[in-house]
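Subject: Structure handover

Hello,

Here is the structure you will be working with. Please open it first, then read my notes beside it.

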Amino acid sequence: MTALLHVSTDLVGVVRAALETEETAAVDGFVQRLHPAVRLLGVVALLVAAALSADLVVLVGLLALAVALAVASRVPLRSFLARTLAVAALSGVVVLPQLILYPGPTAATLWGVEITHTGLAYVAVFETRVTASVALVTLLTLTTPFGTLVATLRRLGAPTTPTTLLALTYRYLFVSFAELHRALLARESRRLRPRGIAAEWRELGALSGSFLLRTIERGERVERAMRARGGARPATPYRRPRPLGVRDGLFTLTALGTLALVVLS
């Protein structure tokens, strides 16, 4: 029962996150009003700037820009910061040993362990770079519907096969989660009394195998359906003509100007 509750909670969380993304993408905010191509290319330019820069001031500026754009786009700050800081915390666990592994003058001693100035500077730059990059990606995903993102990639010349696979994976991720949810509910409804750990593990193994087979069969059915509707013909993304505006130019200048400053500095 505990496993069922955990999985159900995870499913609810996944669906709620997807619905929240669609809702924030429909809000009339600054980034939402940008042309999708400008939005995507601008964020990519800022990500490249964050990857190339080793200046802490520049990285803090990029992070501040991402937060300011989130506020201007009316993105819920709680959700935005939670997604951003969760990934930053994971990267922090990976990079923290560099505080003592990097050689250099001692900055502080903690429980007999020496923290060096160079290690402290490296961790600060690394963490700020990761946080700024994740904040920019989070801003893009919260302000752009997934279908629009895939269609924009196609219009920009991205290969057909990867974009089609990306769209199918996103669509059938939720279908697979729903299938797993139904299987867990059916399994729980057939249980009349508590079982031991060994029986639970055996039943979980059988359930995993059954779910894998169902997933493979569904994939084969989807393939047959696609072939019946036109074979390997690529899907045509929905096109909505949208002229470029003043705010598109301002955002492009800001992104490209930031990238140029980082490259030339």
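Below is what was found, starting with the whole chain and then going region by region.

First, some ground rules. This is a predicted model, in which local features need pLDDT of at least 70, side-chain atom pairs count only at pLDDT 80 or more, and totals for chains, interfaces and linings use all residues. Residues are numbered from 1 along each chain as its sequence is written, and side-chain values use heavy atoms, with hydrogens and water left out.

**The whole chain**

The protein chain has 11 helices and 2 strands. Helices (H or I, at least four residues) and strands (E, at least two) are DSSP runs, numbered from the N terminus. From the N terminus on, the order is α-α-α-α-α-α-β-β-α-α-α-α-α.

The chain has 265 residues, and 31% of them are buried. Buried means under 20% relative accessible area, exposed means over 50%, and partly exposed lies in between (1.4 Å probe, protein chains only). Accessible areas come from the Shrake-Rupley method with a 1.4 Å probe; for residues, only the protein chains shown count as cover.

Now the contacts, where contact means heavy atoms within 4.5 Å. Take those between residues at least 6 apart in sequence: 74% of them join residues at least 24 apart.

**The core**

Which residues touch the most other members of the largest nonpolar core? They are Leu 62, Phe 80 and Leu 139, in a core of 28 residues. The elements that give two or more residues to this core are α3, α4 (56-72), α7 (117-143) and α11. A nonpolar core is a set of buried Ala, Val, Leu, Ile, Met, Phe, Trp, Tyr and Cys residues joined through side-chain atoms within 4.5 Å.

Look at Leu 62 in detail. Leaving out residues up to four places away in sequence, Leu 62 touches Leu 46, Ala 49, Ala 50, Ala 132 and Thr 258.

**The surface patch**

Val 44, Val 48, Leu 52, Val 263 and Leu 264 form a nonpolar patch on the surface. Together they have about 480 Å² of accessible area. Two or more residues of the patch come from each of α3 (36-52) and α11 (246-264). The largest share, 3 residues, comes from α3. Patches are made of residues with over 30% relative accessible area and no salt bridge; like charges are joined within 9 Å, and nonpolar side chains (Val, Leu, Ile, Met, Phe, Trp, Tyr) within 5 Å.

Leu 264 sits in helix α11. Leu 264 counts as exposed because its relative accessible area is 74%.

**The hairpin**

Strands β1 (residues 106-110) and β2 (residues 113-116) run antiparallel and are joined by 4 bridges. Two strands pair if DSSP finds at least two bridges between them. Leu 110 stands opposite Val 113 in β2. There are 2 residues between the strands of this hairpin, and Trp 111 takes a positive phi near 55 degrees.

**Around Arg 33**

How many salt bridges are there? The count is 1. A salt bridge is a side-chain nitrogen of Lys or Arg within 4 Å of a carboxyl oxygen of Asp or Glu. Here the side chains of Arg 33 and Asp 28 meet, at 2.6 Å from N to O. Arg 33 is partly exposed at 38%, and Asp 28 is partly exposed at 45%.

Asp 248 lies in helix α11. Asp 248 is buried, at 5% relative accessibility. Beyond four places in sequence, Asp 248 touches Arg 33, Leu 34, His 35, Val 38 and Pro 243.

Arg 242 is in the loop between α10 (197-228) and α11. Arg 242 is partly exposed, at 33% relative accessibility. With residues up to four places away not counted, the contacts of Arg 242 include Arg 33, Pro 36 and Arg 39. The C-alpha atoms of Arg 242 and Pro 36 are separated by 9.2 Å, although these residues are 206 apart along the chain.

Arg 74 is not a glycine, yet it has a positive phi of about 60 degrees. Arg 74 is in the loop between α4 and α5 (77-95). Arg 74 is exposed, at 56% relative accessibility.

Arg 83 is in helix α5. Arg 83 is partly exposed, at 27% relative accessibility. The C-alpha atoms of Arg 83 and Thr 138 are 7.2 Å apart, with 55 residues along the chain separating the two positions.

Best wishes
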